[in-house]
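Student: Can we go through this one together? I'd like the plain version.
Tutor: Fine, have a look at the model and then ask.

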Amino acid sequence: MIALAIFLLEGRGSVNDNDLDALGQSFLGVLPRPVRCELAESVRIVELPAGKLLYEPQLSIIVAGTLRAFVADGIGRHLTVSYLRRPDSIGISAAAGREFPVAFQSVTASTILRFPQARFNEILRAHPEVGWAAAKELAHFLDDVLAEITRVAFQPIRARVAHHLLTLSDSEKCEPHAIHQAELAAAVGSVREVVGRTLGALRDAGLVEISQLGITAVNEEGLRRVAGHGARPLDRPM
């Protein structure tokens with residue numbers, strides 16, 4: 001059944017300079033450029049339409065678009081624990097032989113470079129510095145997870161909705177897409193009715209606009225105050 005939920009479309013047949021730049025910006029940037037170019041010959045370029053799900057993905061580097069990592073309760077409710085963009089990776093824990101109970105979904109149309117496990121294992125043996133770079137990449141991801149746990153444990157639903165709306169609005173600026181109530185409910189791990197009431201309060205405060213086309217943040221500074229931070233959400237140094 002899991003396989004039926006994964007829809008992947010083959011993309012371009014070979015990597016281009018933009019793909020190589022993404023590899024260089026990723027944790028694989030510790031490799032010498034000739035090695036990265038050789039590694040690129042083995043990748044599979046995958047185009048993900050917005051909304052597509054990935055369970056237990058192979059190691060991949062994001063070239064374009066935004067993905068979310070989420071956990072599910074088994075009865076349809078999700079909690080988003082991280083947003084991932086170029087040059088972040090997905091599937092890094094599986095590549096290390098560890099199970100990590102998260103799935104991924106493309107928030108916008110996205111492009112990823114997928115690596116064969118056998119080839120990555122060869123790279124690890126020949127270039128041990130990649131292992132340390134991968135550990136730091138995974139640590140960044142765990143930072144996001146712990147930050148979301150803190151939000152769920154200590155912040156009211158209003159602050160959590162504001163936080164995720166800001167993050168999704170950042171994605172919308174780069175890759176235009178409509179933000180809807182169901183998407184926010186999946187992000188904060190709540191039900192649509194609760195999120196709907198919260199959005200109504202934010203609208204009445206002049207922070208968002210709600211229409212049939214979706215939800216628009218009209219006062220980002222005000223939303224940041226509601227969310228409890230002064231910087232853009234989930235920003236990380238590259």
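Tutor: Helices (H or I, at least four residues) and strands (E, at least two) are DSSP runs, numbered from the N terminus. This is a predicted model, where local features need pLDDT of at least 70, side-chain atom pairs count only at pLDDT 80 or more, and totals for chains, interfaces and linings use all residues. Residues are numbered from 1 along each chain as its sequence is written, and side-chain values use heavy atoms, with hydrogens and water left out.

Student: Which residue is the bridge partner of Ser-211?
Tutor: Gly-214, in strand 11.

Student: How many helices and strands does the chain have?
Tutor: There are nine helices and 11 strands.

Student: And how much of the chain is buried?
Tutor: Of the 238 residues, 46% are buried. Buried means under 20% relative accessible area, exposed over 50%, and partly exposed in between, with a 1.4 Å probe and protein chains only.

Student: Which residues of helix 2 are buried?
Tutor: In helix 2 (residues 33-40) they are Val-35, Arg-36, Leu-39 and Ala-40. Viewed down the helix axis, these buried residues fall within an arc of 140 degrees, so they line one face of helix 2. The arc is that of the directions from the helix axis to the C-beta atoms.

Student: What does that face pack against?
Tutor: The buried residues of helix 2 pack against helix 1 (17-25) and helix 4 (117-126).

Student: How many residues are in the largest nonpolar core?
Tutor: It has 23 residues, and Leu-23, Phe-27, Leu-28 and Phe-115 have the most contacts inside it. Helix 1, helix 2, strand 4 (60-64), helix 3 (92-95), helix 4 and helix 5 (129-154) each supply at least two residues of this core. A nonpolar core is a set of buried Ala, Val, Leu, Ile, Met, Phe, Trp, Tyr and Cys residues joined through side-chain atoms within 4.5 Å. A second, separate core of 22 residues includes Ile-179, Leu-184, Leu-207 and Ala-227.

Student: Back to Phe-115, what is it in contact with?
Tutor: Leaving aside neighbours within four places in sequence, the contacts of Phe-115 include Leu-23, Leu-28, Leu-39, Val-43 and Ile-61. Contact means heavy atoms within 4.5 Å.

Student: How many aromatic pairs are there?
Tutor: The count is one. Rings of Phe, Tyr and Trp (its six-membered ring) pair if their centres lie within 6.5 Å; planes under 30 degrees apart count as stacked, over 60 as edge-to-face and the rest as tilted. The ring centres of Phe-27 and Phe-120 are 6.4 Å apart and the planes are at 80 degrees, so this pair is edge-to-face.

Student: Where do Phe-27 and Phe-120 sit in the chain?
Tutor: Phe-27 is in the loop between helix 1 and helix 2, while Phe-120 is in helix 4, 93 residues apart.

Student: Is Phe-27 buried or exposed?
Tutor: Phe-27 is buried, at a relative accessible area of 6%. Phe-120 is buried too, at 5%.

Student: Changing topic, which residues does the cis peptide bond join?
Tutor: Arg-86 and Pro-87, with omega about 0 degrees. Pro-87 lies in the loop between strand 6 (78-85) and strand 7 (89-90).

Definitions and conventions:
Two strands pair if DSSP finds at least two bridges between them.
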